[in-house]
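Please study the structure shown below alongside its sequence. The paragraphs that follow lead through it one region at a time.

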Amino acid sequence: MGVPEKLAERMSMAEQHEYLRAKFSRRNMIRGGAVTLGAVAGGVFVPGAVAQAATPTRATAPSAEKVDGALVAPFGRHLAYGNDPRTEMTVSWQVPTAVKKPYIRIGAHPWDLSRKIEAEVRTLYTPAGVGASGDHTQYYVHAQLTHLRPGRTYYYGVGHAGFDPAAPHLLGTLGTFTTAPDRAEPFTFTAFGDEGVGYHGLANDALLLGQNPAFHLHAGDIAYADPSGGGKKEDTGFDSRIWDQFLAQTETVAKQVPWMPAYGNHDMEAWYSPNGYGGEDARWTLPDNGPDRKNLPGVYSFVYGNTAVISLDANDISFEIPANLGISGGTQTKWLEGQLKKFRASRDVDFVVIFFHHCAYCTSTAHASEGGVRQEWVPLFEKYTVDLVINGHNHQYERTDVIKGDAVSKKLPIGGTAYPETEGVVYVTAGAAGRSLYAFTAPDSYEGNEHEVDSVASFINLKDGKQNETVAWSRVRYLNYSFLRVDVTPASKGRLTTLTVRGIAETGAEVDRFTVARRAK
């Protein structure tokens, strides 16, 4: 029901989007109402309208179908920072049908939620015949909070006409969040990629709460509503309803821990414009300080304490999966260098952590390493002594030695310490959040089960195809479900400040540990 394969090979993501829009519009007009598709306008489902491409529409107070709001419960709550994590937070959620006057209540105590703020609805419509999706409208609601106090815990409840979270029988639906402090303090964050919907993703989510993270980084391939991941044509298995399951699965964590995603190849959903990211725009409200909000909605940065975090979109530079190759026209790389310059010059930032989907260095038999990343970004990581790079894409855990100039500059055994100012960069693939696992060519080697080898056979994805390589930088390999925990410990000026990085298995066992250290500014 999508773009013919031979035609898709010659089309960009945007061209495929236009093809699909025209195809479904023609089909509806030809049938002349025998089968109505419908469209969303201002948050209202309008039967019989000509189907348009599924771009989210926005409204602050949409009209609704005749459903009693008291019978409609919000679900899928998830948080995200604004541009300044000290004072800005977005609370997002879903409702299963259109509601009237959605809002958020917020206060310093659960018994004092007097501050009431109107919320914005973004409707996302997917007609029957787009992959496996039924005729489906999703209602995503967002409340952007500003002028918050740093380091403060807030209570909140989300509601709409007929559903008041401050009502005594609904107090159990309240959530909390804590803003970033206005000074450097010890904190923890977590990270993984390639989660999807299922038992293992749920198990990892449950373990995340026990780490008490300030925030969580998701390195792309989030829900897998599009199982093909090629971005070249709409997959027959695409199902927009998977997102309902995913956001319900992650709510336990994401309703209280800011959930900060980067976009992977499975997050390019061809039906939604532009560039397959229209659906993501409906579901997420992320910092808008990136270089190109329209084409690169998943590119942004934020600072928490003494640590700057940068989210990149490697679909823009991927040779392996080129559906969105070059969509930024080079602006993302220029923006990245500007961010690195700014953070390295800042007296308040010690560490720079970067996360994105495609791996700079990995020996998986599935995707291995992405040549576009090594060509475009690795030289900048080394020039500005980036402290930690986190990737997904390959469904396993792998950690490198310290790398500089595409070679090992220092062996980094489990428990070792890297000094990026003089030695190089450490790369971690943390793509074992929940999807089916891949494989290595070399034996597993992790804490308590070390099998050191001199070299590992692998390959790199280049513009002209795969090129085999034999590498010496693969230090830790763990082929089971896992995630990353990072503990940040600030220090006074001139003393060593540290990132302690741990690989945590789904069982809770530690499979890797190393430290990144530098002199505090």
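In this predicted model, helix α3 meets helix α4 through a defined set of residues: Gly201, Leu202, Asp205, Leu208 and Leu209 on the side of α3, and Gln249, Thr250, Thr252 and Val253 on the side of α4. Helix α3 covers residues 199-210 and helix α4 covers residues 242-254. Their axes come within 9 Å and cross at roughly 10 degrees. Because angles under 35 degrees count as roughly parallel, α3 is described as roughly parallel to α4.

A further helix, α5, spans residues 278-283 and contains Gly278. Is Gly278 buried or exposed? With a relative accessible area of 1%, Gly278 is buried, since the term applies under 20%. The C-alpha atom of Gly278 is separated by 8.7 Å from that of Leu124, although the two residues are 154 residues apart along the chain.

Seven of them form an open sheet with mixed pairing, in the order β14-β13-β12-β28-β29-β30-β23. Strands β14 (259-261) and β23 (417-418) each have a single partner strand and stand at the edges, so one side of each is left without a neighbour in the sheet.

The largest nonpolar core has 91 residues, and Phe177, Phe215 and Leu217 are the ones that touch the most other members. Apart from this core lies another, of 32 residues, which includes Leu296, Val299, Val352 and Trp473. What surrounds Leu217, once its neighbours within four places in sequence are left aside? Leu217 is then in contact with Phe189, Thr190, Ala191, Phe192, Met260, Phe302, Val309, Phe355 and Ile390.

A loop provides the last stop. Between β24 (427-430) and β25 (456-462) runs the loop in which Ser445 lies. Ser445 has a relative accessible area of 4% and is therefore buried. A polar atom of the Ser445 side chain lies 2.8 Å from the backbone nitrogen of His451. Leaving aside neighbours within four places in sequence, Ser445 is in contact with Glu450, His451 and Glu452, and also with Arg475, Val476 and Arg477.

Technical notes: Residues numbered from 1 in each chain as written. Predicted model: local features only at pLDDT ≥ 70, side-chain atom pairs only at ≥ 80, totals over all residues. Heavy atoms only, no water. Pairing = 2+ DSSP bridges. Helix = DSSP H or I, 4+ residues; strand = E, 2+ residues; numbered from the N terminus. Core = buried A, V, L, I, M, F, W, Y, C linked by side-chain atoms within 4.5 Å. Buried < 20%, exposed > 50% of the residue type's maximum accessible area, 1.4 Å probe, protein only. Contact = heavy atoms within 4.5 Å. Polar contact = N/O pair within 3.5 Å; in protein donor to acceptor, adjacent residues only side chain to side chain. Axes fitted to C-alpha atoms, helices over the stretch in contact; angles between N-to-C directions. Parallel < 35°, antiparallel > 145°, perpendicular 65-115°, else oblique.
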